[in-house]
Amino acid sequence: MNVRHTIANNQLAEIPGTILFPFFLAINITEALRASLGWVEPGLGPLFTLRESYYPGDIRFDPFGLRPKDAKEYENMQNKE
């Protein structure tokens, strides 16, 4: 039996680029969308400022409708996590 043991640090380099590229592209797209929801665009205000309407952690993704409508209940739910 020919078993090739590798160190965990080397495993990412062994994955083919055809799999890694879409994976990292999906991560980059979701991070760009999250940043556009929370942060003010450069030139429209001071750098590194959050939007007034943004609540930290709220990226408006709630496919099952479980998010409470009340801000206090939402904060309470986040603190339970």
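This is a dialogue on reading the features of one predicted model.

Trainee: What should I know about the model before I read any values?

Mentor: This is a predicted model, in which local features need pLDDT of at least 70 and side-chain atom pairs count only at pLDDT 80 or more, while totals for chains, interfaces and linings use all residues. Residues are numbered from 1 along each chain as its sequence is written, and side-chain values use heavy atoms, with hydrogens and water left out.

Trainee: How many helices and strands does the secondary structure of the chain come to?

Mentor: Helices (H or I, at least four residues) and strands (E, at least two) are DSSP runs, numbered from the N terminus. In this chain the secondary structure comes to three helices and zero strands, and from the N terminus on the elements run α-α-α. The radius of gyration of the chain is 20 Å, well over the 12 Å that the globule rule gives for 81 residues, so the chain is more spread out than a compact globule. For that comparison, the radius of gyration is taken over C-alpha atoms, and the globule rule is 2.2 Å times the number of residues to the power 0.38. Taken along the principal axes, the box that the C-alpha atoms fill is roughly 60 × 35 × 20 Å.

Trainee: What share of the 81 residues is made up of buried residues, and what share of the contacts joins residues at least 24 apart?

Mentor: Buried means under 20% relative accessible area, exposed means over 50%, and partly exposed is in between, with a 1.4 Å probe and protein chains only. By that scale, buried residues make up 7% of the 81 residues in the chain. A contact means heavy atoms within 4.5 Å; among contacts between residues at least 6 apart in sequence, 3% join residues at least 24 apart. Accessible areas come from the Shrake-Rupley method with a 1.4 Å probe, and for residues only the protein chains shown count as cover. The accessible surface of the chain comes to about 7400 Å², of which 62% belongs to carbon and sulfur atoms.

Trainee: Which residues make the nonpolar surface patch?

Mentor: Patches are made of residues with over 30% relative accessible area and no salt bridge, where like charges are joined within 9 Å and nonpolar side chains (Val, Leu, Ile, Met, Phe, Trp, Tyr) within 5 Å. Here Leu12, Ile15, Ile19, Phe23, Phe24 and Ile27 make a nonpolar patch of about 540 Å². Phe23, one of these residues, has its place in helix α2, which covers residues 17-38, and counts as partly exposed at 49% relative accessibility.

Trainee: How many salt bridges does the count come to?

Mentor: A salt bridge is a side-chain nitrogen of Lys or Arg within 4 Å of a carboxyl oxygen of Asp or Glu, and by this rule the count comes to three. In the pair Glu31 and Arg34, the closest N and O atoms are 2.9 Å apart; being three residues apart in helix α2, these two are separated by about one helical turn. Glu31 is partly exposed at 40%, and Arg34 is likewise partly exposed, at 34%. Glu75 and Lys72 form another bridge, with the closest N and O atoms 4.0 Å apart, and these residues, three apart in helix α3, are also separated by about one helical turn. Of this pair, Glu75 counts as partly exposed at 31%, whereas Lys72 is exposed at 60%.

Trainee: Where do Arg51 and Glu41 lie?

Mentor: Arg51 forms a salt bridge with Glu41, with the closest N and O atoms 2.7 Å apart. Both lie in the loop between α2 and α3 (71-80), so the pair ties together parts that are ten residues apart in sequence. Arg51 counts as partly exposed at 25%, as does Glu41 at 36%.

Trainee: What is phi of Phe48, and what is phi of Arg60?

Mentor: Phi of Phe48 is near 60°, a positive value in a residue other than glycine, and Arg60, which is not a glycine either, has a positive phi of about 60°. Phe48 is found in the loop between α2 and α3 and counts as exposed at 75%; Arg60 lies in the loop between α2 and α3 and counts as exposed at 56%.

Trainee: How far apart in space are Ser53 and Gly38?

Mentor: Ser53 and Gly38 are 15 residues apart in sequence and 8.3 Å apart in space, C-alpha to C-alpha. Ser53 has its place in the loop between α2 and α3, and at 60% relative accessibility Ser53 counts as exposed.
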